[in-house]
Amino acid sequence: MDLRYISKENNQGISVKIKDIVIGNGDFTIIAGPCSVESSEMILSTAQHVKSKGAAILRGGAFKPRTSPYAFQGLKEEGLDMLKAASQNENIPVVSEVMDPRDVAVIYDYVDMFQIGSRNMQNFSLLKEVGRTDKPILLKRGMAATIEDFLMAAEYIAAEGNDRIVLCERGIRTFENITRNTLDLAAVPILKKLSKLPVIVDPSHGTGIRELVLPMSLAALAVGADGVIVEVHPDPACALSDAEQSLSFEQFETFAEKINRLKHYFEDMRKGSY
Ligand code: PEP
Ligand code: MN
């Protein structure tokens, strides 16, 4: 595999800084928030809640890649405005998805980290465009991408000059259909072995089932992931996207409490010293 910018030098991983938050320095980072920003009140209350319970970064989609063109597509710039206000109010950095190279310059002013979604993992012009910015990138694994495809996508970004990339395992399509995707947790240690980049796990999209978010996050912790990204909504039953996989505030509180109580046991796994 021809990795020139994201390979491991001297067996050392790198950490990625998102404002004052560091992913990949041995800590286990929780990124949390709704699938989509739906209103200023909902993103503000979610920001308050997740930050107070231990999330380091707020997520919230404003440009949504929906399977159906008739499904809710996100609030676009209006949603980014709400996300930024919540970020400033709670003093928490934010990550949001960019789907189109033409939107990179606009979204740049609103977010602290760009998310490249699963459906765009091999949108090479988008990868190159974000690679020319100075913002950290959350790169999600394509739903039919091999580990090599995934690393090569990260290489596209890094080759443009930006190696502040966090890889995210979010499940792949298999014959199994009780779960939304099959969360490939073996990806975590192999990605960390092959590249210098930090790796996080998305158990929300990885399973599509809220009851599985905590168990799969504990598994992610045990295999050495540098963090998780989870969907949280003030009223999951009424969420405009990904309702079934979103945690309520109460569920997130239990979730964060369990993770934070156990995370220090797995520091060696995160550092790859096993
Ligand atoms: C999301 O994070 O809301 C999302 C659409 O994720 P993915 O690209 O992994 O499907
Ligand atoms: Mn979602």
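A charge sits over a ring if NZ of Lys or CZ of Arg is within 6 Å of the ring centre and within 35 degrees of the ring normal. By that rule, Lys 135 lies over the face of Tyr 108, at 4.1 Å from the ring centre. This is a predicted model, in which local features need pLDDT of at least 70, side-chain atom pairs count only at pLDDT 80 or more, and totals for chains, interfaces and linings use all residues. Residues are numbered from 1 along each chain as its sequence is written, ligands are numbered from 1 in the order in which they are written, and side-chain values use heavy atoms, with hydrogens and water left out.

**Aromatic rings**

- Three aromatic pairs are found in the structure (Phe, Tyr or six-membered Trp rings with centres within 6.5 Å; planes under 30 degrees apart are stacked, over 60 edge-to-face, the rest tilted).
- Tyr 108 and Phe 114 have ring centres 6.4 Å apart and planes at 50°, so their pair is tilted.
- Tyr 108 is partly exposed at 27% relative accessibility, while Phe 114 is buried at 0% (buried is under 20% relative accessible area, exposed over 50%, partly exposed in between, with a 1.4 Å probe and protein chains only).

**Around ligand 1**

- Ligand 1 has 13 residues around it, and Arg 59 and Lys 64 are among those that come nearest (a heavy atom within 4 Å).
- An oxygen atom of ligand 1 is 2.7 Å from a side-chain N or O atom of Arg 170.

Methods:
A polar contact is a pair of N or O atoms within 3.5 Å; within protein, one must be able to donate a hydrogen and the other to accept it, and residues adjacent in sequence count only if both atoms are side-chain atoms.
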